[in-house]
Amino acid sequence: YIGSRLCHFLHSCGHEIIGSFSTIPKNQKKWANFISRFIIGDIRHKNTVKKIASCKAHIIIYLVSLNHQDSEKDIDNTFNVNIRPIFNILSSSSISNSCLEKFIYFSTVQVYGSNLYGDIKENQQLIPNNIYGLTHQLGEEICNYYNNKNINCFNIRLSNSYGHPLFTNKNCWDLVINNLTKSAFESKKIVLRSDGNVFKDFIHFSEIYTFINLLIKSKSFEQNTFNLTSSKTISLIDAANKVKNVYFKKYNVEIPIYINSNQLYYQNNSPSISPSFRFINNDLVNKNIEVTKCITDGIEEIFNYLESKPIY
């Protein structure tokens with residue numbers, strides 16, 4: 001999902017792209033429009049790592065990870081997917097790839113843990129409360145180790161991304177904003193599994209690749225870890241209402257919102273949700289780009305995509 005967007009955008013900026021895939025992608029011909037070479041292989045295997053290190057890339061952007069749910073299932077497999085390959089690639093590259101200038105690791109804001117309050121900056125203590133967050137903290141530590149050696153390593157703590165996919169991608173519809181928008185489009189209703197009193201930070205994919213491109217072009221940074229967020233924390237019920245309002249604007253139809261799976265939500269009669277004191281600070285990113293994508297514009301783009309009748 002993010003990888004395809006990055007490849008497409010960076011190719012348009014004049015970069016040569018080598019893509020690493022666990023299996024041959026279904027849309028190989030479309031990928032080939034902006035990827036010069038395919039590396040096919042399981043990232044857990046040493047032969048795949050050797051192929052990656054031997055391609056003599058100047059920059060490696062590392063997006064490999066099990067999702068939140070799958071990371072909790074099998075600790076051995078989670079370690080072998082989420083952590084070990086980072087060390088193996090950086091170790092191999094430090095020996096055999098003298099061309100490597102930068103290693104960009106996609107981490108997550110979940111390294112901070114939950115029940116957060118206040119202005120959350122990159123130097124805040126990390127207290128992950130799940131395996132997914134813990135493995136990304138360990139991934140960052142490996143990057144920091146090699147950053148102090150001979151490779152410029154960057155940790156990107158990403159919040160909740162959203163936006164329609166470039167290619168067919170079923171998994172991207174599990175992302176909150178994508179899921180709510182698709183539900184509204186297909187079912188003419190929005191269903192939340194909770195009461196909506198959960199706060200998240202949502203960032204559009206366009207601002208992700210804009211910052212990554214800037215990171216690639218820049219010769220030096222004072223720091224190597226960034227919160228890549230919108231810095232605007234909203235509740236899930238607020239996100240659902242934004243989807244509902246965009247739907248009404250486009251189709252002139254009022255659709256219902258259900259909380260707790262089947263309880264009809266009435267905005268006027270529901271208890272007010274207290275504002276969040278959680279603010280994931282993105283000042284370091286905003287020194288270089290301004291994160292300005294309006295979430296309602298992003299939601300409308302998803303509706304337009306769904307209108308084109310794609311295969312999910």
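The model is predicted, so local features need pLDDT of at least 70 and side-chain atom pairs count only at pLDDT 80 or more, while totals for chains, interfaces and linings use all residues. Residues are numbered from 1 along each chain as its sequence is written, and side-chain values use heavy atoms, with hydrogens and water left out. Helices (H or I, at least four residues) and strands (E, at least two) are DSSP runs, numbered from the N terminus. Buried stands for under 20% relative accessible area, exposed for over 50%, and partly exposed for values in between (1.4 Å probe, protein chains only).

- Strand β2 (residues 37-40) runs parallel to β1, and four bridges join them; two strands pair if DSSP finds at least two bridges between them.
- Arg37 in β2 is the residue opposite Ile18.

**Cysteines**

- The structure has zero disulfides, a disulfide being a pair of cysteine sulfur atoms within 2.5 Å.
- Cys143 has its closest cysteine sulfur in Cys153 at 5.0 Å, which is too far for a bond.
- Cys153 is likewise in no disulfide, and its nearest cysteine sulfur is that of Cys143.
- Cys143 is buried at 0% relative accessibility, and Cys153 is buried with a relative accessible area of 0%.

**Ile151**

- Ile151 sits in the loop between α7 (131-147) and β6 (152-158).
- With a relative accessible area of 4%, Ile151 is buried.
- Leaving aside residues up to four places away in sequence, Ile151 touches Leu90, Ser93, Ser94, Leu100, Phe103 and Tyr146; contact requires heavy atoms within 4.5 Å.
- Ile212 is 61 residues from Ile151 along the chain, and their C-alpha atoms are separated by 17 Å.

**Salt bridges**

- The whole structure contains seven salt bridges, each defined by a side-chain nitrogen of Lys or Arg within 4 Å of a carboxyl oxygen of Asp or Glu.
- Asp70 and Lys73 form one of them, with the closest N and O atoms 2.9 Å apart; Asp70 is partly exposed at 30% relative accessibility, and Lys73 is exposed at 66%.
- Lys250 and Glu307 form a salt bridge at 3.5 Å, N to O.
- Because Lys250 lies in helix α10 (residues 236-251) and Glu307 in helix α12 (residues 295-307), this pair ties together parts that are 57 residues apart in sequence.
- Lys250 is partly exposed, with a relative accessible area of 26%, and Glu307 is partly exposed at 36%.
- Lys293 pairs with Glu301 in a salt bridge whose closest N and O atoms are 2.6 Å apart; Lys293 is partly exposed at 27%, and Glu301 is partly exposed at 27%.

**Helix α10**

- The 16 residues of α10 reach 22 Å from the first C-alpha to the last, close to the 22 Å expected at 1.5 Å a residue; the expected span is 1.5 Å times one less than the number of residues.
- Buried residues in α10 include Leu236, Ile237, Val243, Val246 and Tyr247.
- The buried residues of α10 pack against α8 (176-187), β8 (190-191), β9 (199-204), β11 (233-235), β12 (257-259) and α12.
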